[in-house]
Amino acid sequence: MTGYLIRRLGTAIIVVLGIILVTFLMLHIVAPSPAQTVLGPKATPAAISAWNHTNGFDRPWYSQFGTYLNNLLHGNLGWSYKLNQTVDSLFKEKAPLSGFLSLTSLVVAIAVALPLGIFQAVKRNSFGDVSATTLAFVFYSMPVFLVALLLIQVFALSLGWVDANVPQDQSLSGALAHFKDLILPIVALATTAVASYSRYQRSSSLDVLAQDYIKVARAKGLSERLVFSRHLVRNASLPMITLIGLSLPVLIGGNVLIEYAFNINGLGLMFVNALSNDDYNVLMAYTLITAILTVIGNLVADVCLTLSDPRIKLV
Amino acid sequence: MTTIVPPPAPADPGATSTDAGDIAVEIQTGWKLTLREFARNKLALLGVGILVFFVLFCFVGPFVYHTNQVATNLLNTDQPPGNGPLGTDSNGFDVLGRLMLGGQTSLEIGLLAAVIATVIGTLWGAVAGLLGGLVDAAMMRVVDILLSLPFLLVVLIVAHRYGSNVWNLSLILGVFSWLVPARLVRGEVLTLRVRDFVSAARVMGGSRTRLIFRHLIPNAMGTVIVNITFQIADAILALAALGFLNFGVHYPHTDWGSQIADAADNLSNGYWWLVFPVGIALVLVVMAFNLIGDGLRDAVDVRLRKR
């Protein structure tokens, strides 16, 4: 186990270094220097090259990569030339709200998808199973922003239950004061997640139901309820751990679209605005942080899976 | 040594069985069997039906239903259905004609991106799987690294700089989505390369290129083709996301995502005809590809089980 952990950690570190290199190279190719952004569209070539020289953007790429890596190790994500603020402080301002959206929708999605998938497997091919599978299939094929538009149309515009405009406060506490208006974004994110999770949950529950230990549990006279709670639920939920570990990039991508659709002042909207503003340090920082969180998520999921499933032997 | 009988180079996955008796039978029925199995799947056929309808609608439709999709008509914007079968959008374009035009872009980019991704992924996976060892490890770490990058964010960054036409967007979407096919093909190749017919080809002096193109890739084709339908669905969804964020193709072209973005701006005005037709079309097409993919996978699986 320890040996496995060390090796797994070693791979993760290599992957993280690779991620940093790839994101840096992408930044370097897509936007070699922010001079134009800083000096404005009418800057003369001489002014641009002077600025590049003063700020070190005329050095070879590996030298610039060294600086980038050094800054990164010191927790310095760069400077947003458009917003005149460090990227760190931008993230500190906006991360709580976006994190809240992601986590809440993830929790809601699991709370719905887990029982739903197990129910579908137990009542296989019943009316409920078929309708749930069909709905899941439709939502699985629907982009998250379309779900958002549908929800706005139905619950905000037609029924008038919630406000179509979400709170513009970028702090979490300010947004939570109007929690009712955050319901639609959370539901939209959770719906698409449920659509894919419940499919996995259903098939993993079906696999478990076909196992011998379920037959044994039934044969020894356990009540169906005990068979389900002790044997089915626990075993069938294991693949969910991996799925959650893998879902982070999807959640973040969903956040970008949802925050744009609802105009929520979080990291996702900041990313879209940074695109239009050519604010590359912000773009790269967000990509990099998401990628590193993904690696950590997968690592944690693997370890959790091993801890909770003694059948998995790591060598 | 002279008694070695060169086994036929099986060009289809059905012929990979090592049992000589099986080979003769399965060469005849490999793909046919898969197709027959596929044709029995009603949902998959529904998917094919939807897809055929939309291909005809988008590519043949404009020849039947003529609309002006180049010049804006600002005196005639946001008209409800009745003024044209599906009304007009906020530039005065006929929505039905716009739907056809946007569908062309979405289908073309979806297909192109999926083909690009599949070609890169298949070659990468086959080479990694065949060479094995350190090369394989290094190539697969590259896949791990790229797989950790958030797809939508990376594509947005590159597309907002270089995107805006069908070729560039297809290339961008394809270049960042070959990782899953690479893993799948490598997995297949790892089991194929120890099979007798591959060893035989190698012993007879077949080069690595020949092994890859004549033996390994053709035999991994089932997996690849199943995957490509899902790739298309994902690429169409990704393109829709780009369009929704206003980074789709540029005027005078359009794609379904850009049309949804236009609809989103006008949602609170009650212009439902802007969002529902394009939304339904997008979901139906993506569903069609997913249904076809599921059907193909089941068809391939059944064959595997029978073997």
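Tutor: We start with the crossing of α15(A) and α5(B), which is left-handed. A crossing is left-handed if the near helix is turned anticlockwise from the far one by less than a right angle, and right-handed if clockwise. This is a predicted model, where local features need pLDDT of at least 70, side-chain atom pairs count only at pLDDT 80 or more, and totals for chains, interfaces and linings use all residues. Residues are numbered from 1 along each chain as written, chains are lettered from A and ligands numbered from 1 in written order, and side-chain values use heavy atoms, without hydrogens and water.

Student: How are α15(A) and α5(B) oriented to each other?

Tutor: Helices are DSSP runs (H or I, at least four residues) numbered from the N terminus; here they are residues 280-308 of chain A and 151-162 of chain B. Their axes, lines fitted to C-alpha atoms over the stretch in contact, with angles from 0 to 180 degrees between N-to-C directions, come within 10 Å and cross at roughly 155°. Angles under 35 degrees count as roughly parallel, over 145 as roughly antiparallel, 65 to 115 as roughly perpendicular and the rest as oblique. The pair is therefore roughly antiparallel.

Student: How many charged residues are in the contact of α15(A) with α5(B)?

Tutor: Contact means heavy atoms within 4.5 Å, and the residues include Tyr280(A) and Thr290(A) of α15(A) with Ile157(B) and Arg161(B) of α5(B). Asp, Glu, Lys and Arg count as charged, Ala, Val, Leu, Ile, Met, Phe, Trp, Tyr, Cys and Pro as nonpolar, and the others, Gly among them, as polar. By class there are seven nonpolar and three polar residues, and the number of charged residues is one.

Student: Are α9(B) and α10(B) oblique or roughly parallel to each other?

Tutor: α9 (208-244) and α10 (256-265) of chain B have axes 6 Å apart. The angle is about 40°. The two helices are therefore oblique.

Student: Which residue has a side chain joined to that of Ser258(B) by a polar contact?

Tutor: Ser258(B) lies in α10 and is buried (under 20% relative accessible area; exposed is over 50%, partly exposed in between, 1.4 Å probe, protein chains only) at 18%. A polar contact is a pair of N or O atoms within 3.5 Å; within protein one must be able to donate a hydrogen and the other to accept it, and residues adjacent in sequence count only if both atoms are side-chain atoms. At 2.8 Å, the partner is Asp255(B).

Student: What is the phi of Asn263(A)?

Tutor: Asn263(A) sits in the loop between α13 and α14 of chain A. Most residues other than glycine have a negative phi. Asn263(A), not a glycine, has a positive phi of about 55°.
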